[in-house]
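I opened my notebook to look up two things.

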Amino acid sequence: MTIRQLLLPQKGERWFASMALVAATVINALMIYKYYDRFTLGGKLGFWGLFNDRFMVSGYDVLTYISLSNWKLYHVIYRHPLLAPILYPLSALNKCIMDETRFNAAVFIYAAVLIICSFYTALMLMRIMRDMAGVGKGNAMMLTALFFSFAHIMLTSMVPDHFAISLCLLVTTLYIAGMSMKGQYQWGRWQMMAMMTITAGVTLTNGVKTVIAGLFTMGRRYLSPRVWMVTVVMPVILLLAAYMAQHLWIEVPQNEKTRQNIEHKMKADKKFAAKINRQKEWDKKHLGKPIGDNNMLKWTDTSSSRIDAIVENLWGESIQVHRRYLLQDVNRNRPVIVTYGWWGNYAVEIVMAILFIGGIVTGWRHRFFRLCLSWFAFDMVLHLVLGFGIIEVYIMSGHWLFVVPIAIAYLIAHAAPKWRQWIVMTTFMLTIFLWTYNGWNIARYMLNMPT
């Protein structure tokens, strides 16, 4: 496998790739439609207030739109040390457009990024089903369609957050690792270094998964000092340097200026002060108790119910949106736990769980699937044990939910013939239902229809 073969759809993949491109374009058109009137305004505007006050999609951040409109560091750089450098050229492009036309093209520019990421995610995931799990092309396409029917994968593919980039990189890493295990691709040390740098640079925890992939791919050779120095130590040094440069030269002075502006506005604007105080009260009542107060531990949660979080959020909202409080934000107006009003949603959860568990049992003996499951286990420790982001765990579905269709692929590939037909039919029906249910509810929200 060459880089060209990796990046370009091959014969037999082009029809599917075209459909994936069309689907990604359509769902991004919905996002553009919802916010077009206000979010395309250019000129010298208060973009933070313009975007942040209007945007609400399940708690996803609108920081990328703001960064592309008025270049500043808004993302938490110790968690995303390379995200700002990746976005900077796009911001420069948008500035040129705004200077010439007074039209803010941020929603269009980032939509293009999301479409490309969704396209390659679909292509790599379909190949994983076919080449690693061993299902036929038709079932591989169906399972990829199932993945994109999941509520917060559909949303990840259209919101201005970093998760779509992260998802694309993770699935690509999985595919490369799988092909390397099969001996059909030589994953060299410098390529591992590049992948480690970019994946961890977008989201720091992705670096752990890249290290795990290296261990599964190379075994003990990966632990040799020479390999470890190139594939782990050097990326860590590069990311640390990127973080320190941004922190000292940009973030510190920017934060000081922001602090002064907020203090001044709190004194001068009573409505603004009241809004800030209301948000603090909401956070106290609805957010869980963290393990500690430092930068990393403040995102953890020791008090929120794990059972409720699994049923309604991790395995619920991630796959099926709740119609009550549809796409509302737990940091603003949505309760942490929302229940479904129809028993059928819980039936879907149960069927999905049975298929997933069956896939784990079937796929466990395969080394590649154990790699996938180790990634899944890492995320479950992060979210369910440490409670990282547990109150809105569904927005991080792109980091782990792809393991579910991969597991089902192993179940289909290795099931007895008399059971395979029923598993495929059940999966097909789930795919149709989820595309209809999630697609209709998300479209209603984006088209400003009554919900």
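Lining residues have an atom within 4 Å of a point. Points are joined across faces, edges and corners, and a volume is the space filled by probe spheres set on them.

Before going on, I noted that this is a predicted model, where local features need pLDDT of at least 70 and side-chain atom pairs count only at pLDDT 80 or more, while totals for chains, interfaces and linings use all residues. Residues are numbered from 1 along each chain as its sequence is written, and side-chain values use heavy atoms, with hydrogens and water left out.

The largest cavity holds about 30 Å³ of space. I found its lining in Met 192, Met 196, Thr 210, Val 211, Gly 214, Tyr 222 and Thr 231. H10 and helix H11 (206-218) each give two or more residues to this lining. H11 supplies the largest share, three residues. Helices here are DSSP runs (H or I, at least four residues), numbered from the N terminus. I sorted the cavity lining into four nonpolar, three polar and no charged residues. Ala, Val, Leu, Ile, Met, Phe, Trp, Tyr, Cys and Pro count as nonpolar, Asp, Glu, Lys and Arg as charged, and the others, Gly among them, as polar.

**The second largest pocket**

Next I looked up the second largest pocket, with about 500 Å³ of space. It is lined by 22 residues. Leu 7, Cys 168, Leu 169, Thr 172 and Ile 198 lie nearest its centre. Helices H1 (3-7), H5 (83-101), H6 (106-133), H9 (163-181) and H10 (189-202) each give two or more residues to this lining.

**H2 and H6**

Then I turned to packing. The axes of helix H2 (residues 14-39) and H6 come within 9 Å and cross at roughly 155°. H2 is therefore roughly antiparallel to H6 (over 145 degrees; 65 to 115 is roughly perpendicular). Axes are lines fitted to C-alpha atoms, for helices over the stretch in contact, and angles run from 0 to 180 degrees between N-to-C directions. The crossing of H2 and H6 is right-handed. The contact (heavy atoms within 4.5 Å) includes Phe 16, Ala 20 and Tyr 36 of H2 and Phe 108, Leu 114 and Met 126 of H6. I listed 17 nonpolar, three polar and no charged residues there.

**H11 and H16**

H11 came up again. H11 and helix H16 (residues 367-385) pack at about 155°, with axes 10 Å apart. H11 and H16 are therefore roughly antiparallel. Among the residues that meet are Lys 209, Ile 212 and Phe 216 in H11, and Arg 367, Trp 375 and Asp 379 in H16. I noted eight nonpolar, two polar and four charged residues in this contact.

**H14 and H15**

My last pair was helix H14 (residues 306-317) and helix H15 (residues 343-363), packed at about 65° with axes 11 Å apart. That makes H14 roughly perpendicular to H15. Val 311, Glu 312, Trp 315 and Gly 316 of H14 touch Tyr 346, Glu 349, Met 352, Ala 353 and Phe 356 of H15. I counted six nonpolar, one polar and two charged residues.

Definitions and conventions. Angles under 35 degrees count as roughly parallel, over 145 as roughly antiparallel, 65 to 115 as roughly perpendicular and the rest as oblique. On a 1 Å grid over the protein atoms alone, a cavity is a set of points where a 1.4 Å probe fits but cannot get out, and a pocket is an open set with protein on both sides within 12 Å along at least five of seven lines; lining residues have an atom within 4 Å of a point. A crossing is left-handed if the near helix is turned anticlockwise from the far one by less than a right angle, and right-handed if clockwise.
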